[in-house]
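Below is a short report on how this model packs.

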Amino acid sequence: MLTINDISKSYGSFQALHHINLHVGQGKVFGLLGPNGAGKTTLIRIINHIIAPDSGTLQFDGHPMTLADVMQIGYLPEERGLYKKMRVGEQAVYLARLKGLDKDTAVRQLHQWFDRLEIDSWWNRRVEELSKGMQQKVQFVVTVLHNPRLLILDEPFSGFDPVNADLLKREILRLKEQGTTIIFSTHNMSSAEELCDDIALINHARVVLCGPLSDIKASHQGLPLDRIFINTVQSPMSD
Amino acid sequence: MNKIPLVIQREYLTRVKKPSFWVLTIVVPLLLAAVYAIPIILASRPLEHAHVLVADDTGLFQGQFRSGRDITYHEAGSIDYARRELQQHDSLDAIVYIPARETTLPRDAYLFYRSDTPSLTIQTDAQNQLQEILRNRILLDVHGLSPEDYSLITSTHIKLRTVDIETGRDGFLQVKIVVGALLALLVFMAVFMFGSQVMRGVMEEKASRIVEVIVCSVKPFQLMMGKVVGIGLVGLTQFALWVLLAGALVTGVQITHADLFEQATARHSQTEIATKGAEATQQYLTEQERAAQYQAGQGIDNSIQELIEGLTGINFAMLILLFLFYFVFGYLLYASLFAAAGSLVDNETDSQQFTLPLTIPLLLTLLLLPSMVSQPSGSLSVWLSIIPFTSPVAMLLRIPFGVPFWQVLLSMLLLLATFPLCIWAAAKVYRSAILRYGQKASWRDVWRFLRPGSKA
């Protein structure tokens, strides 16, 4: 689905990514793990063509990735927000149209999603009237509305209460069943363990651990993922 | 796929739908008009009629006070009698008392009043009449002027008019100053107001982090330009509505006060013909007579008439076109820079260090307006109206005075050449800065973003 070939990026003297090579398989939930400042967000921005890498290439479905392919991505950033003064429905339609949906389709699909998540009554409310959790729901809907083939979720559960986090988890799994490939970036190891098929651990701009979750756990004597994470990050090898 | 139209649409509609837009567009001009109209309406409304007693010990003012619409003067003879009357009758308002002096002409007169201070109307009217009566006395009695000579002297009225010798058009310098200064102020305010709206919009997107979602679908440059253009269109909509509103007002006045306009237009074309022919002197005389007629006969306020006369002489279509040109390109130049400034900061307080250098050229031009008005073709005015960062304000000030064609052309070309550069530089800064959160940017960062080869 997505292949990252030898991507490097630096900001001045700061190396954000150092020769990253990864492969995200079709229909998989791929966990992108790592401590804060490891370079996860930079990598995600490069995949989204928000920023350009200094070197390296991206392959999407076996061909060099283009801007048209970016339209197949749904991205829920860690730093996320909405226009506070705009009404929920109006704003969701706008964001959907930016993703290439026509207005009628956007409205129809939004109502379907809003119905299922029981938020259709918010359509005419201003975003600033919603709680943070409510805003997150709207944001999630906007992210998946255009039926992206690749979904990138950066810390999707931050800000969600347990009930809504569970709801979100179920939606993610539902999308996976429908064949959506998901890149899931987090430092919440328990949710990664629960959802991911494959993981990559990034530390100090480098991939320090990568592979199917089950293999990694097997090679670490079945340790929980957070232990593996801490051991790997703290081992001098990883630097 | 090009997403700029979508961005423009959102930026435009969210602003035009706001009630504050309509308040600013309709209520504010009406309020301003009211501020001017109310004193005029109040002044033309008849006041409560006043009765004033005149006690004159000198005998010079005997029977000379003229009663008018608002005040009736009554001869009271002695001051003692007048005093008693004032104390006894509530209908009387004041006494004008002129005491006699031994040898010289009276120098002081007194306005006695009961408990309420007499209105300003009474005070000014009494003062003016005293002055006039005394002067008349001197001219007629002391110097023995004939009534004909006297009326000639008092009816003199001469006005210095500025006339372009080529076209024979009246200069109407004062009207030009007003129009030029208004245009300059308007373009300054518009560039500033809509420019800072762009900046706030960019800051909002950055602070709320929605920009991160949007830049996946839209290139940062498209987002920035969409915002700049959308808000610029809001500005143009506002102007269009203002022009319509002003047009409606003027038409309304034209219909209700048709006489003012007809005379103004007639006089204007007459001035034009006058200087062209050999009969210029002749014509001017006739005009003077006509002017005297207006003054004496119809009592139309001369300054208003002159204003209208001056205004009808201005090429408004040209003025509006030039205004639009300088607004659009001046705005594009500044708004893109404001967008870059907004992308560099997380909140308005931090924005100062970047907006100050942007506002200095505009503010400087504004501060120099008075010196430019006194010398519209001086070297300061010429330079400021050619340099792209100051030309939108400075050139509009000069336009009503007439500017050589080459200067307008040069100024326009330079502005046209500069604004793409500003947009280019702003876009470079914007796309690098917009995704940097929580770091205070410095001018060094700006330089880094601008350096050739710097990648986002």
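## A helix pair in chain B

Helices α12(B) and α16(B) are roughly antiparallel, a label for angles over 145 degrees. Their axes come within 9 Å and cross at roughly 170°. Axes are lines fitted to C-alpha atoms over the stretch in contact, and angles run from 0 to 180 degrees between N-to-C directions. Helix α12(B) covers residues 316-344, and α16(B) covers residues 391-398. Helices here are DSSP runs (H or I, at least four residues), as strands are (E, at least two), numbered from the N terminus.

From α12(B), the residues L322(B), F323(B), Y326(B), F327(B) and G330(B) meet P392(B), M395(B) and L396(B) of α16(B). Contact means C-beta atoms, placed from the backbone, within 7 Å. Seven of these residues are nonpolar, one is polar and none is charged. Ala, Val, Leu, Ile, Met, Phe, Trp, Tyr, Cys and Pro count as nonpolar; Asp, Glu, Lys and Arg as charged; the others, Gly among them, as polar.

## Basis of the model

The model is predicted: local features need pLDDT of at least 70, side-chain atom pairs count only at pLDDT 80 or more, and totals for chains, interfaces and linings use all residues. Residues are numbered from 1 along each chain as its sequence is written, while chains are lettered from A and ligands numbered from 1 in written order.

## Nonpolar cores

The largest nonpolar core has 136 residues. A core is a set of buried Ala, Val, Leu, Ile, Met, Phe, Trp, Tyr and Cys residues joined through C-beta atoms within 7 Å. Buried means 20 or more other C-beta atoms within 10 Å of the residue's own. Helix α12(B) gives the most to this core, with 14 residues. Residues with the most contacts inside the core include V141(A), F184(A) and A339(B).

Which residues does A339(B) touch, not counting those up to four places away in sequence? Among them are V198(B), M199(B), M224(B), K227(B) and Y430(B). A second, separate core has 19 residues, including A55(B) and Y97(B).

Chain A has nine helices and ten strands. Buried residues make up 40% of its 239 residues. Its C-alpha trace spans about 55 × 35 × 35 Å along the principal axes.

The contact between the chains takes 21 residues from chain A and 19 residues from chain B. On the chain A side, α3(A) gives the most, with four residues. That side divides into 13 nonpolar, three polar and five charged residues.

Note on methods:
Buried ≥ 20, exposed ≤ 12 C-beta atoms within 10 Å, placed from the backbone. Parallel < 35°, antiparallel > 145°, perpendicular 65-115°, else oblique. Contact = placed C-beta atoms within 7 Å.
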